[in-house]
Amino acid sequence: MAKRARPSRPKPLLHEDGGPIKSRPVRKRNPAQPALPFDPMPTRVEPALAQLRKVPPSGSDWSWEIKWDGYRVHVHIEPSGVRVLTKGGYNWSHRFPLITEAAKALGPATMILDGEAVVLDEHGRSDFTALQKSLGAEGRRSGSKASPAIMMAFDILYLDGHDLRKVEYRTRRHLLEDILLNAEGAIRLSESIDADPVTLLEHARQFELEGIVGKHRDKPYRSGRMGDWVKCKCVQSEAFLIVGYEPSTSSREGFASLLLAAYNGTDLQYVGSVGTGFTERAALNLRKLMDKLTWKRKAPPVTYSGRRRVTWLQPTLIAEVEYLAWTSDGKLRHSAYKGLREPQDNADVYRVAPNGNENLET
């Protein structure tokens with residue numbers, strides 16, 4: 001009869017002699033293998049942009065929120081500090097100190113927040129003109145003041161070692177809400193509104209808001225104007241190049257109106273003028289700036305058939321202009337000046353279609 005195998009005795013946890021426990025020696029890391037399974041934080045991300053739509057798309061695939069009127073910013077919260085980057089990639093942490101301090105309070109997590117730097121009026125609406133004044137940029141090419149602007153955050157691109165740009169929007173939104181749901185400081189959550197977009201747009205008009213923005217819930221974050229984000233505006237407001245001015249008949253230091261241009265392909269197209277919306281200070285500062293940009297060539301920078309006396313300019317200044325509609329001959333109707341865009345903001349100059357005035361964003 002075969003003998004049964006005797007069960008092996010378990011090894012004692014401690015040596016019988018009571019000596020210290022020794023761990024196994026750590027092997028050296030194979031340099032061919034990655035050191036950490038984390039994604040490196042991007043130095044800068046080109047923002048996702050919304051396509052302009054006259055009618056909002058319907059369906060449950062879209063998430064809607066208010067459109068804010070300010071400067072697009074990405075807030076990078078890193079171990080080395082906080083950077084508030086403009087659309088053009090400039091660090092404006094010193095110009096948005098409240099946003100910078102609020103971002104520090106969100107640490108020690110590392111993240112990239114996407115949103116809009118705004119100044120709110122007494123009704124909680126974003127006021128672009130007030131933002132310009134707070135930056136000291138009213139009528140000047142570049143201001144230097146620190147602004148009390150806050151940030152309305154609407155997306156998160158990176159969180160604690162994970163690049164979220166390939167993740168669908170609904171998940172990114174969930175993470176953003178977890179971080180900012182109870183935030184009441186200078187970084188606030190841009191609320192998602194569960195409503196029919198047509199009804200929401202009508203309410204936005206009644207409350208004199210700029211418009212609404214829709215984001216496809218199942219799309220990743222893609223830089224540029226890819227159609228994953230759309231915007232519908234209550235009041236038309238776009239950026240145009242200042243190509244000239246009509247001198248004032250009552251003041252040598254002022255002007256009567258600004259002549260504006262948009263891109264048509266690679267060429268500039270005259271789209272009319274704007275003569276209202278200026279404060280006296282803004283007009284004087286803008287005139288001083290324009291006097292340094294006088295056009296030296298014989299032919300003007302745009303085709304112009306008007307009879308007004310015009311001082312033509314190098315097309316470098318970008319004005320934010322509000323308007324009601326377009327005329328049949330491609331000119332702005334009921335336009336009003338809102339402010340001068342700063343170069344660091346990298347504002348998109350309006351582009352007209354080759355056969356009409358509909359923006360090529362649509």
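The largest nonpolar core of this predicted model has 45 residues, and those with the most contacts inside it are Val75, Phe96, Ile99, Leu113, Met151 and Ile187. A nonpolar core is here a set of buried Ala, Val, Leu, Ile, Met, Phe, Trp, Tyr and Cys residues joined through side-chain atoms within 4.5 Å, where buried means under 20% relative accessible area, exposed over 50% and partly exposed in between, with a 1.4 Å probe and protein chains only. Strand S6, residues 150–159, gives the largest share of this core, 6 residues; strands (E, at least two residues) are DSSP runs numbered from the N terminus. A second, separate core of 25 residues includes Phe240, Leu258, Ala262 and Leu293.

Phe96 touches Val73, Val84, Ala117, Leu131, Leu135, Ser147 and Ala149, not counting residues up to four places away in sequence, and contact means heavy atoms within 4.5 Å.

Residues are numbered from 1 along each chain as its sequence is written. As this is a predicted model, local features need pLDDT of at least 70 and side-chain atom pairs count only at pLDDT 80 or more, while totals for chains, interfaces and linings use all residues, and side-chain values use heavy atoms, with hydrogens and water left out.

How values were computed
Helices (H or I, at least four residues) and strands (E, at least two) are DSSP runs, numbered from the N terminus.
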